[in-house]
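Dear colleague,

Please find below the structure that I am handing over to you.

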Amino acid sequence: MDFGININKSSRCRCRSRSSPFLLLLLLVLLFLAALVESSIHIYDHETFREIGNSYLLSGGSEGIVASSIGIHDGHSSFIRFENITFWRSKEVAQRHSKKEHSTGLIQAFIFEAADRDDIGGSAYGGQRAICCTPDLAKLEGCKQGQIIRRPSAGDLKWPIVLNTQFSGNDLSTKMDPSDIYITKTGMYNLFFVSCDPSLKGLVMTGKTLWKNPDGYLPGRMAPLMKFYMLMSLAYVVLCGIWFLQYLRFRKDILQIQNCIALVIALGLFEMTLWCFEYAHFNNTGTRPVGITTWVVTVGAVRKTVSRLLILSVSMGYGVVRPTLGGLTSKVLLLGVTYFLASELLDIAENVGTINDISGKARLFLVLPDAFLDAFLILWIFTSLSKTLEQLQVAKCTSELIILRYPHEERLA
């Protein structure tokens, strides 16, 4: 395809395309790093239990986990590991008990697959659903008062898994026994820490859990994306190579629009390469590198903003029937800045430091501005394109009209 289309040479933008040979070396390094995969690490730094219903609850994480196709204890098994989990209660609560008392407070960790969520909790006489067993529920469900209501799963009687940890005497803290819960069925798994003891209000927890898939630390929803970004990086390298060759071939006829397209392609390659580094680091260490993630979402937000503004500008006739946007320049730039901020905030909330597969409710408030601006841009693009086509038809500008309608064909002025 001929990239040297001569549309209009009346204006120039300061966009330049550069190709670096070391990018191929970087991709080879990424492929090597991808082979060194080992789980997401959920770190709890003095997390406080929240009062929900008749229980005190702390969410430990939620991820999709793929069961090992070989078996457990083979180095490629899937599991959830508890490490250094410590619970702290207030000094006032601890002083209510003597050193000789054996059990002075129960905390339970329970793991369940999303499909078995109805096996946790119960409701007495059609009332509000409760997690902890009450005297009425003890009669109806046969549960033990002061503990989680758990019914065996139809697929596996051992699930949901419940692990107990007890406070002893008047100790201020208690430590959970290290344990591994092996996953033998692919699904979405949730972990919660619960206390049904009203005296343990204000309970605090520290420690970490490791969630491991057979191929590494990446959560279930993110694991396929690592290969996707590698393929996209290679595709962008090929595209950049073709574009650069054509750029050199028609360097005397390069237009400002083509310079800006080259910038978008370069940003796309840079973004895909950063995503590969970010996912490789996450898969190897179990933690997301905040610095790399922030950079990659910023580059992505810039790319999306520039590409949208480029399409909008061309739809308005920039580079086709007018050398500049005139009085519309400030409006277009204002929309671009607004869109960049909305996209940047949304991507940061979704990716920076995020491990769980389920996003928080705050994401909904960030999606709306981004979606609204996207819809507004699309409407403005089509409206401007319609007006530009009408102007070309009235002026009988045949060549420009053909280029706008059939931009994929080779047309030389």
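Is His 46 buried or exposed? His 46 counts as exposed because its relative accessibility is 54%; here buried means under 20% relative accessible area, exposed over 50%, and partly exposed in between, with a 1.4 Å probe and protein chains only.

Before the rest, a word on the basis of these notes. The model is predicted, so local features need pLDDT of at least 70 and side-chain atom pairs count only at pLDDT 80 or more, while totals for chains, interfaces and linings use all residues. Residues are numbered from 1 along each chain as its sequence is written, and side-chain values use heavy atoms, with hydrogens and water left out.

**Backbone details**

His 46 is placed in strand S1, residues 40–48. Helices (H or I, at least four residues) and strands (E, at least two) are DSSP runs, numbered from the N terminus. The phi angle of His 46 is near 55°, a positive value in a residue other than glycine. Asn 84, which is found in strand S4 (residues 79–88), also has a phi near 55°. With a relative accessibility of 47%, Asn 84 counts as partly exposed.

A cis peptide bond runs from Trp 159 to Pro 160, with omega near -5°. Pro 160 is in the loop between H3 and strand S6 (161–166). Another proline, Pro 135, lies in helix H3 itself and is partly exposed, with a relative accessible area of 44%. Pro 135 and Gln 145 are ten residues apart in sequence, and their C-alpha atoms are 6.3 Å apart in space.

**The disulfide**

A disulfide is a covalent bond between the sulfur atoms of two cysteines; for the search, the two sulfur atoms had to be within 2.5 Å. One disulfide is found in the whole structure. It joins Cys 132 to Cys 196, with an S to S distance of 2.0 Å. The angle about the S-S bond is -85°, and the link of Cys 132 and Cys 196 is left-handed. The pair links distant parts of the chain, 64 residues apart. Cys 132 is in the loop between strand S5 (106–113) and helix H3 (135–141), and Cys 196 is in the loop between strand S9 (187–195) and strand S10 (204–212).

Cys 132 counts as buried because its relative accessibility is 3%, and Cys 196 is buried as well, at 12%. Two further cysteines are also buried: Cys 240 at 15% relative accessibility and Cys 260 with a relative accessible area of 13%.

**Annotated regions**

An unreviewed UniProt entry places the feature "transmembrane region" at residues 228–248, 260–280, 323–342 and 362–382. UniProt positions are given in the numbering used here, feature names are shortened, and annotations may be inferred rather than shown by experiment. In the model, residues 228–248 are 100% helix and 0% strand, with the end C-alpha atoms 30 Å apart. Residues 260–280 are likewise 100% helix and 0% strand, and their end C-alpha atoms are 30 Å apart.

**Helices H6 and H7**

How do H6 and H7 meet, and at roughly what angle do their axes cross? The axes of helix H6 (residues 290–315) and helix H7 (residues 329–351) come within 9 Å and cross at roughly 150°. Axes are lines fitted to C-alpha atoms, for helices over the stretch in contact, and angles run from 0 to 180 degrees between N-to-C directions. H6 passes H7 in a right-handed crossing, where right-handed means that the near helix is turned clockwise from the far one by less than a right angle.

Among the H6 residues that meet H7 are Val 297, Ala 301, Lys 304 and Arg 308, and the H7 side includes Leu 335, Tyr 339, Glu 344 and Asp 347. Contact means heavy atoms within 4.5 Å. The residues of this contact divide into ten nonpolar, six polar and four charged. Ala, Val, Leu, Ile, Met, Phe, Trp, Tyr, Cys and Pro count as nonpolar, Asp, Glu, Lys and Arg as charged, and the others, Gly among them, as polar.

Ser 313 is in helix H6 and counts as buried because its relative accessibility is 10%. Leaving aside neighbours within four places in sequence, Ser 313 is in contact with Tyr 318 and Leu 325. Thr 329 lies in helix H7 and is partly exposed, with a relative accessible area of 32%.

With kind regards
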